Amino acid sequence: MSRRFICCAVTIVLAMASVLFQAQAFAKAPTLTPSAETVEAGESYMYEAESPDNTLTGNSAVRDCKPETGCSGGKKIGDFGKNGSSVQFNQVNVPASGIYKMKLSYITQNHDPIRLTVNGGEPEIFTLPTTANWDTLGTYEMEVLLTAGSNTIKFDDNGGWGPDLDKIEFVLSDNQGDIPDNPGESYMYEAESPDNTLTGNSAVRDCKPETGCSGGKKIGDFGKNGSSVQFNQVNVPASGIYKMKLSYITQNNDPIRLTVNGGEPEIFTLPTTANWDTLGTYEMEVSLTAGSNTIKFDDNGGWGPDLDKIELVFSDNQGEIPDNGGEIGDIGAPVSSKKFGPILVTQHKNGVTITNAAYKVIYNTNTGLAAYEWNGKVVATGIYSSAELDQSVSSTDYSEHSFSMSCIEKIKDNHGKGIKVVFDNKQAGLPSMKQIYHIYERQPYFVTSQEIQSETPISTNNMAPIVIHAKGGVDIGSYADNRVLVVPYDNDMWSRYQSRTINTFLNTSSYISSELTAIYDNESRNGLLIGSITHDTWKTGISWSGSDDRLNQLKVFGGFTSTKVTHDTLPHGTITGAKLTSPQIFVGYYDDYRDGLEGFGQANAAVAPPLDFGRNIPKGVPVGWNSWGAYGGTLSYDKVVDVSNFFKANLQNNSFTNKGNIYINLDSYWDWLTPQQLQDVVSIIRKNGQKPGIYDGPFVYWGDNMNQVVPGTDGQYTYGDIVLRDDDGHILPKVDGGYAIDPTHPGTKQYIRQHYKYFLDLGFEYIKIDFLTHASLEGKHYDPNVKTGIQAYNQGLALINEVLDGKMFISESISPLFPSQYAHSRRISCDIDGSLGSTEFQLNNLTYGWWQNGTIYPYTDPDYMTLAKGGSMAAAQTRVNAAAISGTVFLNSDDVNDPTAQQYMKTLLTNPQVNAVALKGKAFRPVEGNTGTAAADLFILQDKHDYYLAVFNYSTNPATKTIDLSRAGITGAAAYTVTDLWTNTSYKNEGLLAVNLDGAQSKLLKITVKPHGGKG
C-alpha cells in the first residue's frame, strides 16, 4: 500500500540532499541513500538550549534553573523576549534525512507566539500553552523535516515575550510519507490562469491555432520592465522533487529566472524555437512541498519567452547522497622517505605522502584513492580519476596502483622548481592510467593530470583527472556562507558568473563551471581553487553537487560541451592515439579565495604568457572611442571625421589620453565606407594626433548564400567550402545569427592573410576581433590533425598573431575565457549599452572575473562607455566609474553630435583624478563574493600605500552604504581621510564609513590611512 504525506499541524519541508548529474558526470560510482528506515526506531537525540554551540541574540541569556524545576543540566535560556531575542541550535545532527518529532521543553506564563525556522527555511509560528508557573516545565511537540548531518533550529521571539527554553529532543516520526499514490500522474497549470500574478509588461495574449497552446492562450510581452509570471496555486499531493516541463515560445537567447516558494532563484537559457508560432518544451527540476506552492518566472532584466503552461510529474530520483565518507583507507606505517629540497616524499606500507610547506597529497596504493590536506586538515578526499573509452574506466577499477621513489623526476618550469610524481594504474585488459602530480617547492598549489597509454590506438572525448563521489568529499572547514563559483565559458549572450550556494542538488547540469571554480566560505574567505591551466586541446568542465555545506560530488573533466554554455550542438571532439593526455589541473587552498583566483591566473600565465606588446604598440591602457554604441549600423565617413575633430578639440588635451595616445576605432559596418574614404579617414585621424582602429569577425559568416565567394581567395573558395560542418557534412546551426567558419580551412587562412595585411597597409593600429567563440565550436575540421574545437581555435588565433606580427593592439570581444595568449585585452562582458542595468551586468563579470587583469590578459575590457544612454548624469558617471575600475580599455562610444552626449563627455571624461585611476590599468577586487548572479556594490584597490574604493547603487532610489574598512582590506584605519575623486573634496573619518548615494549614483573614493604615531 502506498503511503502519502500527511498534512501535519506543523511541517517544515527542506530539500533533501541530492545528486542529479548529467549522464557523463560520474563513472562507476555506487550511490546509496541514508533513509529514515536506517535509523533505529525510538532512538532520540537531545540538544540543550544553553549549549555554547548555540547562537543567542537580543536579551537571550543562559540562566540558572531551580533544582525543583528539573531542567536538564540545571540551566535554561531566560530573558527570551523583545529586542530581537533568539536561540539558534547550530549543530543538530541526525543520521538520516526524514521527518522527526521534536519535543520542546519550556516554561512560560505568556501567550505571545514564538517563531521556528529550520535550516533558514520558511518560518512557522506557534503559541505554546502556559505552564503552571515559572518554575514548572512543560513540553510541546511539533514535526520537522531534517537532513542527514548537521541542521539549524532557530526559535525567535516574533516581536513579543517568549518562554524560557530548556532543551529539544528528536525522535524519528512513524509517519515518514513516501510518494504519491500515482507517481506518474502529471499536474498541469496554465500560464494565463487568473489565479496567477503578472507584473511588468506580461499580459494574456491569444495564441494562433496552429501553434497549439493549451487553452488557446499564452502569456506574451514577457520582457524588460520587471516582467514576471507567478503560478500561485501549484498543488501537489506529496513533498519531493518534481520534473517540471515548461511549454514556451522564444526567438531570444536571454536567460529567465525561476524562483520556487520564494527560495534562491535559478537562471535558465531556453533553446530558441523554430519561430514565434512554434511551441518548445524545456525540463527542469523543482523541489515542492505537499499542498500549495508558488512558481515564478521573471525576465531577469532581458527579453523573455511567451509562456503557455507548466506540467509537473514526480521524479524517479528523490535525492541521493553517496554512502561513503571518502575514506581512502589506511596507508600503513612509513617505510622510507626522501627529500627534494623542501618537498618530502614518504613511502608507506600501503601508500605515499608528498608534503611541502603548504599541503600534503596522500595516495593509497591499495585502493587507488587520494586525499588532499592543507594546514593539517583534509580538504578533499576519496579522489580518483576516470575516462570514457569504449567503456567508462576509473582508476579504482585497476588492481595495481604502483609508485616508485626512483622514478620521481626533478622539474623546473615557469611555476618554479619541484618534482613530478606518477602513480601507475594497471589491470589486464585495460590500458594503463597514470595519475601525475607536479609538486612545487614554493607554491601553495600543485598540478595534477592524467595519461592513458595503450599498445594500440585508443580514443576518448572525456578525461577526468579529479573525481569525488563521497559524502562531504570536499570540506573547506568553515561553514558560514559556503559558495561554489560557476564561471561562464565565454562572454556572449549576457552570460553572468554565479556564486551558487554549495547546497545545490537540483538542476546541477545547469551549474557546470567552465575551466575553473572556487569552493569557498564568503565570510571567512577560505577557499579551494580548482581549474585547468592547459588549453591546447580540451574544454574543461567542473560538475558538482553539495549539501550540508560540503560537496558530495565533484568531477573536473576535459570534454565539456553544452548548447547553453559552450554553444556547441555536437559532443566534444574525440582524440585518438597510443597516449592520451588530460588537461592539467591546478589545485590550491587559500586563506582568501580571491588570492586563489589571482594565483590561478598567474599559474595560467606561467603556462601560456599573455601577448607581448610590439615595439610600435603604445604600452598602457588604451584610451579613445569606438563607433558601435554611437552609430551601430549607421556608421559613415562624416561621422568618423566629426568624432575625430571633437576629440581633438575637447578631450585628448584635457586628460582623456594615455601619454598622448588616443584611439578612434571603427567597429562593424566600417565597410560601408569606400576604400578611398577608409584611406582618407585614417589620414584625418592621424593628422589629429590619434591612432586609427578597425574591426573584424574572422570566423563567422552572416549571410545565407553558400555560393558567395570568400574575399581574399581570388574566387577559389565559397562560404559553402569554409563553413564548419558535422561528420555527415551538415552545416552547423547558426550561433548569434551567424555560421561558424572553420579556422583550419585554407580559404579561411587566405582571407585572414589578405584582410589583415590590408588593415596594416591602411595604417590601422588597433583591431577588435569579434565572435571568436565560433572558432572554438566542435565540428569536422579541414585539418585532419585537428580533432577538437579548442585545437582549431588555437590554430586560427595563432595565424592572426602571425600576420599582425606585433603591429596592432589586439582586443578580443565575444570570445572564450581561454586560451588567453592571443590578445592584449578581452571583454570581461559584452553588449553594455550604457544603461544602469547593463553596468550592473558588467560589474557582475568584474566581481568574479577581475583576476584576469594583469595575469592572463594585460588588460580587461569593460566594453565601451555610451554615456548618453545612461539616462542621467548619475548613471553616466556610474558607467565611467565601472570602466575606470575594470583594469581597463577606456573607450567612449557616444554620438558627438548629440548635445546631451557632448555635455556628458566634456564633464565625465575630463576628470584627471578619475582618469588617473583608469590609467593604472588595475582591476579592483570585490569586497564580497556572495552576490549570486548579481554584482558586488563595493570594490577595492590597493596601489602601493594608497587605497581606492568604488561604491555603487544599482537602484534608482537613494541608498546609504555602510562600509567596514577592515572587511574591505584596509587595515589600521581607525582614523583616515576620504577623498572623493570626482569632486576632489576630502574629509576625515573614524570607524565605519557611511557613503550616501542618490539613485543610480556611485562614488570613487581614495582612502588615506593615518600612519601609526602620526599627527592627525
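The legends below describe close-up views of a predicted model. Residues are numbered from 1 along each chain as its sequence is written, and side-chain values use heavy atoms, with hydrogens and water left out. In this predicted model, local features need pLDDT of at least 70 and side-chain atom pairs count only at pLDDT 80 or more, whereas totals for chains, interfaces and linings use all residues.

**View 1. The largest nonpolar core and residue F647.** A nonpolar core is a set of buried Ala, Val, Leu, Ile, Met, Phe, Trp, Tyr and Cys residues joined through side-chain atoms within 4.5 Å; buried means under 20% relative accessible area, exposed over 50%, and partly exposed in between (1.4 Å probe, protein chains only). The largest core holds 124 residues, of which F647, L666 and F890 touch the most other members. Its largest share, 6 residues, is supplied by helix α7 (residues 789-804); helices (H or I, at least four residues) and strands (E, at least two) are DSSP runs numbered from the N terminus. A second, separate core of 43 residues includes A370, I466, V486 and Y589. Not counting residues up to four places away in sequence, F647 has contacts (heavy atoms within 4.5 Å) with residues including W625, F656, I664 and M905.

**View 2. The buried face of helix α4.** Helix α4 (residues 675-687) has 13 residues, which should span 18 Å at 1.5 Å a residue, and its end C-alpha atoms are 19 Å apart, in agreement; the expected span is 1.5 Å times one less than the number of residues. L678, V681, V682 and I685 of α4 are buried. The buried residues fall within an arc of 105° seen down the axis of α4, so they line one face of the helix; the arc is that of the directions from the helix axis to the C-beta atoms. These buried residues pack against α3 (637-650), β46 (663-665), β47 (691-696) and α6 (746-762). Just after α4, G689 takes a positive phi of about 75°.

View 3. W672 lies in the loop between β46 and α4. With a relative accessible area of 54%, W672 is exposed. Not counting residues up to four places away in sequence, W672 touches G633, L635 and Q677. W672 and L635 are 37 residues apart along the chain, and their C-alpha atoms are separated by 7.3 Å.

**View 4. The contact between helices α9 and α11.** The axes of α9 (residues 873-884) and α11 (residues 912-919) come within 8 Å and cross at roughly 35°; axes are lines fitted to C-alpha atoms, for helices over the stretch in contact, and angles run from 0 to 180 degrees between N-to-C directions. V880, N881 and A884 of α9 meet V914, V917 and A918 of α11.

View 5. E515, in the loop between β38 (513-514) and β39 (516-521), has a positive phi of about 75° although it is not a glycine. At 3% relative accessibility, E515 counts as buried. F771 lies in the loop between β50 (766-769) and α7; its phi is near 55°, a positive value in a residue other than glycine. A cis peptide bond, with omega about -5°, joins F818 and P819. P819 is found in the loop between β51 (809-812) and β52 (825-827).
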